[in-house]
Amino acid sequence: MSIPVKAVRVVLIVSLSLFLVSYAAAEPAVFSFDRSFYPYYPSLIKWEKGDVPFAPPQKCGGCHAKQYAEWNGSVHNMAFEDPIYQGELNKAVKAVGHEITRQCEGCHSPAGMLTGEIKGAGLAGLSSMALAGVSCDICHSISGVTHQQTPSRDPENGSMILSTGQNGVPVKRAPFKPGPNCGGGFHSCEQSNFQLKADLCASCHQVYHYDSHFPLEATYNEWKSGPYAQLDILCQDCHMVDIRTFREVADTFRKPARGDYRHYFNGANYLLSYLGAEAAKKSGDKELAKRLMNQYEMAVERLKSAADVEITPVYRAGQLSEVKVRVKNLRAGHNLPTSLTNVRQMWLEITARDGNGRVLLSSGSVKDDGSLPDDVRIFNSDGMGKDFHFAVHPWVVTAFQRHETIPARGYKDVYYGINVPQGVRSVSVEAKLRYRQADQNVAEALLASVPPDLNLKEKYGIEKIPRLPIVDMVIREEKLAVQSKQHGQ
Ligand code: HEC
Ligand code: HEC
Ligand code: HEC
Ligand code: HEC
Ligand code: HEC
């Protein structure tokens with residue numbers, strides 16, 4: 001007996017479509033998107049490649065000396081050369097390969113990734129354009145964004161479109177109406193409102209895991225859901241001005257005057273500015289060293305302006321039983337801390353003493369090996385991988401096990417139990433809110449894995465990695481009565 005041809009066809013079609021269904025199921029259902037739309041995936045950057053090459057910042061600086069001088073002391077200038085980044089990138093390439101680490105490069109050196117020049121960690125042989133990190137010709141060539149088409153339907157992983165120009169003419173974009181001489185014969189000018197929006201910063205300041213789309217760094221979304229966004233205070237209004245102006249903006253919600261904007265992009269990374277200044281000094285560039293030290297001082301000042309701390313007593317049955325410490329986010333436009341929260345450390349160090357200087361309570365002191373004690377009260381995150389175990393690296397972390405940061409204009413309370421011996425009438429409490437870029441061991445591990453062509457001793461004068469510097473953001477002291485006033489009245 002022969003099987004009818006039609007039946008065979010049906011069986012074939014059914015099994016073929018079953019195959020298709022199971023294949024389609026391998027694509028993440030929640031994060032569906034058009035992969036062919038993003039040729040550099042997992043970087044979501046797009047390039048309208050014309051006949052105009054990227055121009056290195058030195059070229060722009062020839063006519064825009066002021067913007068160049070401000071930018072070249074900034075962390076954006078160092079986004080690719082950054083030794084901490086290079087150490088991590090080197091580990092990433094070994095762990096997951098360059099196909100995936102181009103995600104990193106899409107934010108840390110977009111031009112170097114797009115032209116294919118950057119093939120992994122290391123600086124040797126790279127052009128000044130690739131080394132320039134987040135440079136002039138990135139921000140001023142952005143012609144649009146694809147924020148709505150991304151896997152998370154939010155800005156992420158470099159979701160912007162770069163167009164450097166057409167028909168041999170560079171086109172640079174800024175929010176101002178161009179004058180007749182705009183571009184000085186080198187470039188034409190296009191008015192674009194985009195540079196006056198937080199969307200400009202969003203694509204790079206929302207970092208998602210390359211595959212699971214977990215928001216590893218969420219500065220843009222934190223800002224967007226907070227009070228500053230509602231009142232039109234943008235990233236630029238706090239990070240593209242000097243410290244005095246930033247404080248005023250944060251306190252009054254009034255925008256800076258047009259003439260107040262500077263290309264500083266100053267944040268919190270005083271460590272990187274300091275390392276950069278050491279390298280500039282070693283290479284004999286005193287001007288650059290000065291700018292970097294200026295950025296270092298601004299970052300420290302910014303951290304010292306960001307928060308406040310209040311100490312209040314808690315009484316039980318009229319007796320001091322706990323010390324309450326309230327940490328307030330005063331002036332950060334997003335959570336405090338933000339960005340790389342599973343690496344940054346912001347913690348409380350508390351000491352309570354009786355009248356004779358005897359220590360009654362102590363918490364959060366750095367241990368001899370540079371690490372923090374297990375019971376420290378810390379504001380940051382612990383990352384975890386797919387196996388739900390603790391993890392640090394951005395290609396492994398797919399969720400946070402602990403995420404304790406303070407929203408813009410918000411606060412968190414921390415309570416410390418205290419046992420006051422008989423006869424003590426008052427207790428003086430000192431609270432310090434402290435910050436550093438990373439745990440000592442994490443920083444040492446990253447710096448130990450920089451690529452071989454980055455010689456830390458030659459470039460930065462680092463022979464042995466010293467203790468990471470700590471900034472005291474706030475120091476407060478309060479004298480607390482051991483008996484409550486109400487008691488016994
Ligand atoms: C969407 C853009 C984006 C992507 C993708 C990205 N980063 Fe970053 N990265 C940033 C931003 C923005 C910061 C600054 C955050 C801060 O200072 O807290 C940063 C900071 C860092 C730092 C800290 C540098 C320092 O000096 O403390 C390291 C290390 C780093 N990134 C490594 C990586 C690696 C490795 C990858 C790829 C697996 C990656 N990044 C992918 C945007 C990105
Ligand atoms: C991270 C993005 C970014 C980078 C990098 C950047 N700019 Fe800008 N630039 C802006 C923004 C935003 C404005 C608008 C500032 C304002 O509101 O006045 C601007 C404004 C300008 C203007 C108009 C005049 C002014 O200063 O406001 C010039 C000229 C300019 N940039 C040149 C440069 C040059 C040259 C570099 C590199 C040395 C550079 N930019 C790097 C974002 C950037
Ligand atoms: C030959 C000189 C020259 C070079 C090189 C040059 N520019 Fe300009 N650019 C000008 C002049 C002149 C203006 C008019 C405004 C001014 O004087 O600042 C201008 C204006 C701008 C503006 C503001 C546009 C506006 O509407 O106000 C931006 C942004 C800008 N340039 C970016 C760049 C970038 C990025 C580079 C490097 C890729 C660059 N320029 C290289 C001469 C130059
Ligand atoms: C009201 C002022 C204000 C606004 C608006 C603001 N910031 Fe900040 N930002 C701060 C302060 C203060 C700090 C230092 C404290 C901290 O690290 O959070 C900071 C720190 C940072 C850091 C460094 C984080 C670290 O610990 O390494 C980054 C990156 C950053 N901001 C990016 C942004 C971006 C992107 C936006 C817009 C989406 C933005 N900021 C909006 C005030 C502001
Ligand atoms: C092309 C991607 C890109 C764009 C666009 C971008 N940034 Fe960044 N930004 C980075 C990266 C990468 C770093 C971290 C460099 C590092 O630490 O090695 C950074 C660092 C910073 C820092 C310093 C953080 C610190 O810890 O001190 C600030 C502040 C900042 N950016 C603000 C802005 C603002 C404001 C805008 C928009 C006007 C913007 N950025 C646009 C990629 C970008």
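In the grouping of residues used here, Ala, Val, Leu, Ile, Met, Phe, Trp, Tyr, Cys and Pro count as nonpolar, Asp, Glu, Lys and Arg as charged, and the others, Gly among them, as polar. The structure described is a predicted model.

In this model, the chain contains 17 helices and 19 strands. The C-alpha trace extends over about 95 × 80 × 50 Å along its principal axes. Of the 489 residues in the chain, 39% are buried.

The surroundings of two ligands were examined. Ligand 2 has 23 residues around it, and those that come nearest are Cys-60, His-64, Cys-136, Cys-139 and Tyr-261. Helices α2 (57-61), α3 (65-71) and α8 (136-139) each contribute at least two residues to this shell. By residue class, the shell around ligand 2 comprises 13 nonpolar, nine polar and one charged.

Around ligand 5 there are 27 residues, of which Asp-82, Cys-201, Cys-204, Gly-267 and Asn-269 come nearest. At least two residues of the shell around ligand 5 are supplied by each of α5 (98-108), α8, α9 (199-202) and α12 (235-239). The most is given by α12, with three residues. The shell around ligand 5 divides into 17 nonpolar, nine polar and one charged.

Key:
Residues numbered from 1 in each chain as written. Chains lettered and ligands numbered in written order. Predicted model: local features only at pLDDT ≥ 70, side-chain atom pairs only at ≥ 80, totals over all residues. Helix = DSSP H or I, 4+ residues; strand = E, 2+ residues; numbered from the N terminus. Buried ≥ 20, exposed ≤ 12 C-beta atoms within 10 Å, placed from the backbone. Near = placed C-beta within 6 Å.
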